Amino acid sequence: LLHAMVVDHGRIPENDDPPVVGRCPDKVKNNFSLYCDFAMRKLKLVPFTDEELRTSLEKYHRAEKQMIVFNFIRMMLAPVVESLILSDRLLYLRERKVAAHLKPIFNPDISARNVVLFA
């Protein structure tokens, strides 16, 4: 949403990569207005005015349900895609007679990328 808003208000060109904000303080995580202000300052862009923020939120409010569904599907499919990629790499190596195996290296609750490919 932040990327769309930044493009809509001419802060960056449309074909630029989405801005990466990185870590943010807990106090801004539950307030989108505070998050936008924090992100814009961190990205060294001109912060949104209250009017720009209000119009953007009205514009994208209709898409909120679609974004929630999209993110849910993405979260559910991510482990499947990760497993497919690892399995494909493992099979590729085995087809070429390379001894290889997959091994979990830590608790998957910490990170979904807990598997290493040994070859």
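Lys-59 has its place in helix H4. The model that holds this residue is predicted. Its protein chain comprises 5 helices and 2 strands. The chain has a radius of gyration of 20 Å, well over the 14 Å that the globule rule gives for 119 residues, so it is more spread out than a compact globule.

**Overall architecture**

- Read from the N terminus, the elements of the protein chain follow the order α-α-α-α-α-β-β.
- Along the principal axes, the C-alpha atoms fill a box of roughly 60 × 25 × 25 Å.
- Buried residues make up 18% of the 119 in the protein chain.
- Consider the contacts in the protein chain with a separation of 6 or more: 37% of them join residues 24 or more positions apart.

**Surface and charge**

- The protein chain carries 18 positive and 15 negative side chains. The centres of these two sets are 8 Å apart.

**The largest nonpolar core**

- In soluble globular proteins, nonpolar side chains tend to be buried together.
- The largest nonpolar core here has 12 residues in all. Its members are Leu-2, Met-5, Val-6, Val-7, Ile-12, Val-21, Cys-36, Ala-39, Met-40, Phe-48, Leu-53 and Tyr-60.
- Three helices each supply at least two residues of this core: H1 (2-8), H3 (32-42) and H4 (50-61).
- H1 gives the most to this core, with 4 residues.
- Phe-48 is one of the core residues. Leaving aside neighbours within four places in sequence, Phe-48 is in contact with Leu-2, Met-5, Val-6, His-9, Arg-11, Cys-36, Met-40 and Leu-53.
- Some of these partners of Phe-48 belong to the core as well, among them Leu-2, Cys-36 and Leu-53.

- Lys-59 has a relative accessibility of 47%, so it counts as partly exposed.
- Lys-59 and Asp-8 are 51 residues apart in sequence. From C-alpha to C-alpha, Lys-59 and Asp-8 are 11 Å apart in space.

**Two lysines with positive phi**

- Lys-44 is not a glycine, yet its phi is positive, at about 60°. Lys-44 lies in the loop between H3 and H4.
- Lys-44 counts as exposed because its relative accessibility is 75%.
- Lys-97 also has a positive phi of about 60° although it is not a glycine. The loop between helix H5 (64-95) and strand E1 (101-104) holds Lys-97.
- Lys-97 counts as exposed because its relative accessibility is 77%.

**Val-81 in helix H5**

- Val-81 is found in helix H5.
- With a relative accessible area of 43%, Val-81 is partly exposed.
- Val-81 and Phe-70 are 11 residues apart in sequence. Their C-alpha atoms are 15 Å apart in space.

**Val-115 in strand E2**

- Val-115 is found in strand E2, which covers residues 115-118.
- With a relative accessible area of 30%, Val-115 is partly exposed.
- Which residues does Val-115 touch, not counting those up to four places away in sequence? They are Leu-86, Leu-102, Lys-103 and Pro-104.
- Val-115 and Ile-105 are 10 residues apart in sequence. The C-alpha to C-alpha distance between Val-115 and Ile-105 is 5.9 Å.

Conventions
Residues numbered from 1 in each chain as written. Predicted model: local features only at pLDDT ≥ 70, side-chain atom pairs only at ≥ 80, totals over all residues. Heavy atoms only, no water. Core = buried A, V, L, I, M, F, W, Y, C linked by side-chain atoms within 4.5 Å. Buried < 20%, exposed > 50% of the residue type's maximum accessible area, 1.4 Å probe, protein only. Contact = heavy atoms within 4.5 Å. Rg over C-alpha atoms; globule rule 2.2 N^0.38 Å. Lys, Arg positive; Asp, Glu negative; His and termini not counted. Charge placed at Lys NZ, Arg CZ, Asp CG, Glu CD.
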